Amino acid sequence: MAKVHLLNVAVHNNPATFFTPFQFEIQFECLEELQDDLEFKIIYVGSAETVEFDQTLDQIVVDAVPKGQFKFMFQADPPDISKIPADDAVGVTVVLITASYRQQEFVRVGYYVNNEYEDQEMKDNPPAEPQFDKLMRQIAADQPRVTKFKINWDSANSNAEASTESGGAAQDTEMVEDQSNNGLLKNSELSQEKTNINTNEGLIFEQ
């Protein structure tokens with residue numbers, strides 16, 4: 001059974017210009033105290049054709065999380081435009097939020113992102129070289145895809161064991177920064193939720 005449930009992701013700074021930082025408010029629940037760290041990442045998909053152009057915009061480690069419900073603001077700078085193919089700069093791409101425990105990814109949330117020119121003339125006649133400073137970014141906050149992975153929560157050397165147990169399968173479900181210490185988030189920087197949340201109602205994703 002999973003020891004961590006992702007309860008809510010709220011998308012901030014949306015819509016925004018291309019160079020505006022990404023902001024996601026993450027809310028999760030630990031069903032019991034964790035022995036190791038949780039790691040969260042924001043990944044920008046630079047091209048639908050290959051993972052070669054994927055960029056990890058930021059990653060944060062939450063250390064020694066006790067039992068309870070917590071939330072934090074996860075902020076990341078926009079992608080490096082020099083690593084985005086010109087043909088993929090304008091149009092629809094994806095941004096991912098992943099969560100891992102002991103180097104095992106157990107959940108990811110994907111959002112479609114549409115980058116387009118605000119000026120109608122540029123929409124009709126886009127320049128050969130993308131003008132990123134003229135692009136507007138719109139995250140489809142109401143259409144995320146959540147994928148859950150079965151992992152081994154109890155063994156430090158658990159990657160192979162989890163893969164064997166789950167057969168590499170993932171459960172795919174349609175639904176709907178405060179950073180410090182070089183990406184290490186201390187317990188004191190987590191906001192612990194005091195309200196009761198009925199996890200049987202599933203995930204709630206806000207715009």
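Predicted model: local features only at pLDDT ≥ 70, side-chain atom pairs only at ≥ 80, totals over all residues.
**Charge, backbone and salt bridges**

Student: Which residues gather in a patch of negative charge on the surface?

Tutor: A patch is made of residues with over 30% relative accessible area and no salt bridge, like charges being joined within 9 Å and nonpolar side chains (Val, Leu, Ile, Met, Phe, Trp, Tyr) within 5 Å. Asp and Glu count as negative, Lys and Arg as positive, with His and the chain ends not counted, and a charge is placed at NZ of Lys, CZ of Arg, CG of Asp or CD of Glu. Accessible areas come from the Shrake-Rupley method with a 1.4 Å probe, only the protein chains shown counting as cover for residues. The surface patch of negative charge consists of Glu118, Asp119, Glu121 and Asp124.

Student: Is Gln103, which has a positive phi, buried or exposed?

Tutor: Most residues other than glycine have a negative phi. Gln103, in the loop between β7 (91-101) and β8, has a positive phi of about 65° although it is not a glycine. Buried means under 20% relative accessible area, exposed over 50% and partly exposed in between (1.4 Å probe, protein chains only), so at 74% Gln103 counts as exposed.

Student: What is the omega of the cis peptide bond from Asn14 to Pro15?

Tutor: Most peptide bonds are trans. Pro15 is found in the loop between β1 (4-12) and β2 (16-17), and the bond from Asn14 to Pro15 is cis, with omega near -5°.

Student: How many residues apart are the salt-bridge partners Asp36 and Arg102?

Tutor: A salt bridge is a side-chain nitrogen of Lys or Arg within 4 Å of a carboxyl oxygen of Asp or Glu, and the closest N and O atoms of this pair are 2.4 Å apart. Asp36 lies in the loop between β3 (22-30) and β4 (38-45) and Arg102 in the loop between β7 and β8, so that the pair links parts of the chain 66 residues apart.

Terms used: Residues numbered from 1 in each chain as written. Heavy atoms only, no water. Helix = DSSP H or I, 4+ residues; strand = E, 2+ residues; numbered from the N terminus.
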